[in-house]
Amino acid sequence: MRTVKAAATALTATLAAAAASVAAGRYASDAALKTPGDGRLPTEPRLTVHATGDDWITLTRALAAQRPGTYGLAGTDTHAVVGPVLDTAPHPADTVVRRLDRVTRGTVRTGDRMWLVPNLHTGDPTTALGLDHTTVAFPGELGPLPAWFVPGPRDTWVIAVHGLGADREHALNVMELLHRMRFPVLTPAYRGDTGAPRSPDGLHHLGETEWRDLDAAIRHAVQHGARRVVLLGWSTGATMALLAATHSALRERISGLVLDSPVLDWSATLRALATARHTPGALLPLAVRAAQGRTGLRGERTAQAAEPGGLAVPTLILHGPGDTLAPWAHSRRLAADRPDLVTLLPVPDAPHAAMWNADPTAYEEALRRFLTPLM
């Protein structure tokens, strides 16, 4: 009888441990694969507004608040644009003063909790930049996909795709440059975005299924006059571009890739996302395994696309050596292995997918030089 009771106790303990492991894995994978309701990347801290003036704003002192460059500053119902740190402005030691360029939505008040974002503009190409555009829709794997289209006279189109923690407004940062270069620009939404179909499991797949929506955008462009397309993507949007260039049935129409902060190591980004959301270190391996189990993905497709032998078109990679979400070592290796096709622009002190923000002039010059031969 004691043996039976001991066996039952052991079985109960084993089942309880297994259930706890499953629950822990699900919790950890949720932290990696679900975006917060406010769209904020988990690596971006909330910064308290301590004071504001006509052309300045005082924020909590943090590494994020001291970054060089120009950024959006977002709150729940507000958006502003902040410029460089004003080192000579008087301020308490625990704060930072930045130039306040404009408030684009809502009202910024003392005590607000806000965070830095890459997009400087809100709205669409017409309301934000004064560019004529139309809103189009095309069929995707899961349903209709909306997109902004800014016309141009060339028969090479640029398709611009956002990534983690962002939406189509991110592409507005470079829209004026692309318009001056006379490229037609298509900026699609994809599964999980507002106005687009939801992924069946409600989770991000870090580009490994989302790329098929980009493939649908390429098909739309070709059907409407594009002889060639250049794919410009940020973060997982860059991953989608790389996957499309490798696997799309229309890949021969792709003449170039611009990859900003590409996610090339699926498990490393999963771990980084879970870590940024304060997942205990002991649960990180569970996060990766649970995410793989829930999505059915293993990252092989991305790894294959990032192999040097897989590249067939000129590629510009813009990446920050300090990127905590998408390790830049993979970008550096790809550039070293394919110097015939890949140009790498390192951007120091830039957070994930904010290379333009850290140095807009250098970014746009690199983009202009890269795109000119592809016109």
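A residue counts as partly exposed when its relative accessible area lies between the buried limit, under 20%, and the exposed limit, over 50%. The model discussed here is predicted.

**Two residues**

Ser 267 sits in helix H6, which spans residues 266-276. Its relative accessibility is 29%, so Ser 267 counts as partly exposed. The C-alpha atom of Ser 267 lies 9.3 Å from that of Ala 291, and 24 residues separate the two along the chain.

Asn 119 belongs to the loop between strand S6 (113-117) and helix H2 (125-129). Is Asn 119 buried or exposed? Asn 119 counts as buried, because its relative accessibility is 14%.

| Residue | Relative accessibility | Class |
|---|---|---|
| Asn 119 | 14% | buried |
| Ser 267 | 29% | partly exposed |

What does Asn 119 touch, leaving out residues up to four places away in sequence? Its contacts are Gly 72, His 79, Glu 169, His 170 and Asn 173. With Glu 169 there is a polar contact, side chain to side chain, at 3.3 Å.

**Two helices**

Asn 173 also takes part in the contact of helix H3 with helix H11. Two packed helices are described by the angle and the distance between their axes. H3 covers residues 172-180 and H11 covers residues 360-371. Their axes come within 11 Å and cross at roughly 40°. H3 and H11 are therefore oblique to each other. The crossing is right-handed.

From H3, the contact involves Asn 173, Val 174, Leu 177, Leu 178 and Arg 180. From H11, Tyr 363, Glu 364, Leu 367 and Leu 371 meet them. These residues divide into 6 nonpolar, 1 polar and 2 charged.

How values were computed
Residues are numbered from 1 along each chain as its sequence is written. This is a predicted model: local features need pLDDT of at least 70, side-chain atom pairs count only at pLDDT 80 or more; totals for chains, interfaces and linings use all residues. Side-chain values use heavy atoms; hydrogens and water are left out. Axes are lines fitted to C-alpha atoms, for helices over the stretch in contact, and angles run from 0 to 180 degrees between N-to-C directions. Helices (H or I, at least four residues) and strands (E, at least two) are DSSP runs, numbered from the N terminus. Angles under 35 degrees count as roughly parallel, over 145 as roughly antiparallel, 65 to 115 as roughly perpendicular and the rest as oblique. A crossing is left-handed if the near helix is turned anticlockwise from the far one by less than a right angle, and right-handed if clockwise. Contact means heavy atoms within 4.5 Å. Ala, Val, Leu, Ile, Met, Phe, Trp, Tyr, Cys and Pro count as nonpolar, Asp, Glu, Lys and Arg as charged, and the others, Gly among them, as polar. Buried means under 20% relative accessible area, exposed over 50%, partly exposed in between (1.4 Å probe, protein chains only). A polar contact is a pair of N or O atoms within 3.5 Å; within protein, one must be able to donate a hydrogen and the other to accept it, and residues adjacent in sequence count only if both atoms are side-chain atoms.
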